[in-house]
Amino acid sequence: MDAASRRRAASALNRLGLGARDGELAQLGDAPGWALAQTRRPAAELGVFDGLPDSLGYLRKEARLAQERRAFVRREAGRPVPVGKDGKPVNPLLRLYVQTFGADLRREASARWHLAARTGTPFAERLVRFWSNHFAVSVDKGPARLYAAPMEREAIRPHVHGRFFDMLLAVEQHPAMLRYLDQAQSVGPDSVLAERADRRLARRADGRPARRLGLNENLAREIMELHTLGVGARYTQRDVTQFARALTGWSLPFPRELERGGVERAFRFRPFAHEPGPVTVLGKVYDQPGEDQARAILADFAVHPATAQHLAAELATHLVSDVPPADLVRHMAQAYLAAGGLLPALYAALLEHPATWAAEARKFRTPQDLLYAGLRAGGIDPGDRPQPWEGLLMRLGQPTFMPRSPAGYTDIAGDWIAPDALWKRVQAAEALAERIPRTGLDPRALAAAVLGPQLRTGTGLALRRAEAPEQALALLLACPEFQWRV
Amino acid sequence: MTTRREFLRLMGYSAAAAATLTLWPGITRAATGGDTRLLVLMLRGGLDGLHALPPYGDPGYAQLRGPLALSPSGATAEDGPALRLDATFALHPALTFARQLYQRGQLLPIPAAAPPYWGRSHFEAQDCVENGTAVPDGAQTGWLNRAIAALPGVRGLAVSTVMPLMMRGSVPVATWTPPLPLRVNPILLQRLEPLYAEDARLAAAFADALAGDGASAAPSAGTGEPGAMSAAMGNHVMGDRRRAGPALRGKVKAMGSGGRLPQLMQAAGTFMARPEGPRIGFVEDYGWDTHANQAAILARKLKELDHALSGFAQAAQPVWARTALVVVTEFGRTARINGTNGTDHGTGGVLWLAGGAVAGGHVGGLWPGMRPHQLYQDRDIHATIDFRSVFKGLLAAHMGVSESALATRVFPGSAALPPLGGLLRAA
């Protein structure tokens with residue numbers, strides 16, 4: 001293999017993928033072709049999600065838990081609060097929650113660690129996680145907690161290789177997003193439901209001001225600003241409000257509907273909550289009935305030039321450079337529009353553009369990607385307990401599914417480079433190095449195998465001087481070129 | 001651009017009414033000598049100023065707020081009676097320490113304040129609050145870093161895993177978060193040092209991480225021992241770790257409960273109280289975006305904020321008399337509640353100043369009112385104070401940044417916006 005091909009292969013594995021595993025670099029010939037092939041079929045799942053409940057299953061469990069909690073409160077009312085081994089009072093309701101969902105949450109988390117560590121289609125997997133972060137849901141919002149991981153499985157994975165509109169629709173109708181951005185309760189101010197509620201309120205005798213059912217524009221705004229058009233696009237507060245009206249009625253099944261049976265989807269359109277009448281968004285009138293109104297708006301957003309520009313810039317920033325060349329972004333946006341919003345066209349345009357393979361292309365690993373790369377380089381089995389990994393990510397500033405903002409996590413170097421952050425990376429490297437299987441391991445050969453031409457002379461020298469394999473491995477994972485993806 | 005006078009006319013104020021409001025004259029020098037402290041606490045997500053500082057005396061308030069309305073004379077399902085400040089304003093019932101500060105003249109709430117950006121995007125608004133300009137990409141550095149650059153010898157600290165935009169810039173600033181309870185092999189650090197020194201982008205940050213302990217990082221580094229803690233935060237900024245470490249360790253250990261913000265604020269207070277400690281600090285918090293079920297969420301969050309203030313005040317006790325704290329959020333929220341017992345993104349919000357150096361004990365700013373015709377776009381509190389005028393006032397009087405530096409470098413293009421005076425106790 002010539003030097004240029006070797007350089008491209010290392011870039012494909014380390015910058016586009018999740019980090020090279022031992023042996024992969026030597027086998028990879030045509031780097032763009034390797035990546036392109038992964039954009040045409042679903043990311044491998046390796047069976048890691050087998051047996052996990054789907055969102056509807058979680059909704060049913062949640063409804064049952066609510067019943068149990070009510071029964072528990074009735075039964076335990078007046079009794080003393082139980083005390084744990086440490087002498088501190090135990091919250092019995094929290095314990096019920098953990099009993100119900102603890103194992104599921106651990107398995108969901110564990111599945112993602114295993115996939116990141118073992119997948120043979122790391123570029124496809126990287127794209128999954130890119131879109132997952134594009135449509136960020138933050139699990140510090142309690143009602144969304146159970147659904148972030150299922151949303152990635154149900155709404156992102158099936159569509160990464162398809163049409164953006166299909167992914168957009170699946171996400172915006174997913175319980176995770178409907179709850180995270182407060183859509184589930186948004187009610188049209190002139191809907192049947194709101195008028196009924198008003199009549200009830202009018203009959204109230206106590207004269208206290210009461211809650212009116214009405215709009216919540218959170219989801220509408222973030223769809224326009226973050227999911228599709230981008231904040232630079234020309235839309236107004238009026239467009240947001242009009243779109244929010246069209247979205248009313250997009251909701252999920254209530255517990256009592258689940259108990260009654262016959263529910264087949266975790267999404268439910270509620271005609272009575274829907275604001276009747278046409279809306280005007282970006283100058284176009286939408287007069288479709290019911291659910292179709294917001295769906296038609298999403299379909300237009302999905303292929304809007306502003307969306308193409310926004311998605312292209314975000315993906316190029318994620319994979320190529322903090323400041324991607326304008327020509328690359330333009331090329332990607334044009335290809336996306338020409339293909340009518342097909343995502344593989346967007347990826348192919350990125351892969352065929354010289355900027356993607358240029359010497360200047362360089363990104364800094366986020367903490368999450370650093371740990372993934374460490375697991376892959378070291379051939380570490382993440383094991384069944386995801387807690388230590390999740391805890392490590394939390395301390396590194398990137399807890400899984402918890403960006404605390406619908407904008408998701410940043411991937412810009414300046415946001416992650418700081419003294420304390422680098423210190424913690426060294427600590428993480430040591431923690432990872434301790435888990436690397438030692439049998440027959442030559443750290444210097446491993447460094448050459450995963451970094452290839454990216455390995456610098458000084459690091460090679462330091463590896464040779466390391467006094468123990470463990471220290472050499474920590475050095476490999478902590479060295480500057482392992483933090484960068486070139 | 002509307003001038004202040006036009007604005008008042010527009011809002012239906014008579015000259016006499018305006019005169020009774022706090023329109024501060026020039027800058028007065030702070031009474032606190034040179035060694036002052038300034039901490040910025042940023043609440044991301046958009047704190048609802050109308051809930052934290054309810055204008056219960058405003059004729060429009062109860063009507064627009066419905067079941068979320070708070071007042072000193074009544075309690076709601078979630079909250080007790082609000083804590084009365086004056087005939088118009090009260091504090092949310094969870095803000096009991098804040099009320100004590102107010103009574104001591106050390107809390108100055110400024111309602112109807114906003115950054116110069118009046119769009120309603122979290123991210124654009126936060127960028128403007130942090131970069132100190134009127135547009136989201138107006139600067140790639142933060143005004144707090146540019147202020148430090150104008151103050152030779154002053155050190156900064158961001159209590160944050162990664163550098164927030166407000167603290168990014170040419171002056172190196174330390175970051176700190178509670179440490180990882182892991183050991184670090186000092187020899188590994190020794191080996192890594194020259195490798196990082198060759199990396200132009202990472203060299204300075206890595207050197208900072210090592211500084212103090214240097215290449216001979218104490219064997220206890222990273223174990224949660226005092227040496228480790230200061231090493232992890234780049235203790236060259238923090239002064240003598242041997243003296244200060246144990247006190248902090250005691251504090252951090254004692255912070256088991258009460259949320260993350262009180263812990264971070266207490267740590268910030270401990271660092272900033274040191275004689276050679278950072279004089280300018282930054283702390284951030286999340287979770288203020290209350291689109292639904294606002295009363296319960298804010299009851300919890302405001303309690304945390306109150307504990308954070310008292311935790312900081314306690315930890316920073318030695319320098320409290322010389323300290324000013326600013327609590328800032330990217331925007332206020334809609335005057336009306338939405339359909340889900342919450343509020344959506346708005347404009348004018350509340351800015352809080354607190355500390356021994358602050359001339360508080362009254363509500364500052366210019367209250368535009370919340371009758372329908374007084375609202376901005378029939379929806380938000382009309383902002384009457386530009387954040388930058390408050391920041392400039394503090395940096396000038398409290399930290400001694402020159403007005404020319406403020407107008408050109410710290411807040412570029414803000415020469416027409418005078419620093420607010422009267423924020424600090426006069427000499």
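How many residues of chain A are in contact with chain B, and how many of chain B with chain A? Here are some friendly notes, starting with that.

1. The answer is 60 residues of chain A and 56 residues of chain B, where contact means heavy atoms within 4.5 Å. Please keep in mind that this is a predicted model, in which local features need pLDDT of at least 70 and side-chain atom pairs count only at pLDDT 80 or more, while totals for chains, interfaces and linings use all residues. Residues are numbered from 1 along each chain as its sequence is written, chains are lettered from A and ligands numbered from 1 in the order in which they are written, and side-chain values use heavy atoms, with hydrogens and water left out.

2. About 5,000 Å² is buried between chain A and chain B, 60% of it on carbon and sulfur atoms; buried area is the accessible area (1.4 Å probe) that two parts lose on being put together, summed over both. On the chain A side, the residues losing the most area to chain B are A:Pro419, A:Trp423 and A:Gln427, together 14% of what that side buries.

3. Across the interface there are two salt bridges (a side-chain nitrogen of Lys or Arg within 4 Å of a carboxyl oxygen of Asp or Glu). One of the salt bridges pairs A:Glu217 with B:Arg379, at 2.9 Å from N to O.

4. Now for pairs within a chain. A:Glu24 and A:Arg376 form a salt bridge, with the closest N and O atoms 3.6 Å apart. This pair links distant parts of the chain, helix 2 (residues 24-27) and helix 18 (residues 367-378) of chain A, 352 residues apart; helices here are DSSP runs (H or I, at least four residues) and strands likewise (E, at least two), numbered from the N terminus. A:Glu24 has a relative accessible area of 15% and A:Arg376 one of 1%, so both count as buried (under 20% relative accessible area; exposed is over 50%, partly exposed in between; 1.4 Å probe, protein chains only).

5. In chain B, B:Arg44 and B:Glu284 meet in a salt bridge at 2.7 Å, N to O. B:Arg44 lies in the loop between strand 1 (37-43) and helix 3 (49-52), and B:Glu284 in strand 7 (residues 280-285), 240 residues apart. B:Arg44 is buried at 10%, as is B:Glu284 at 6%.

6. Another chain B pair is B:Asp35 with B:Arg37, at 2.8 Å. Here B:Asp35 is partly exposed, at 33%, whereas B:Arg37 is buried, at 1%.
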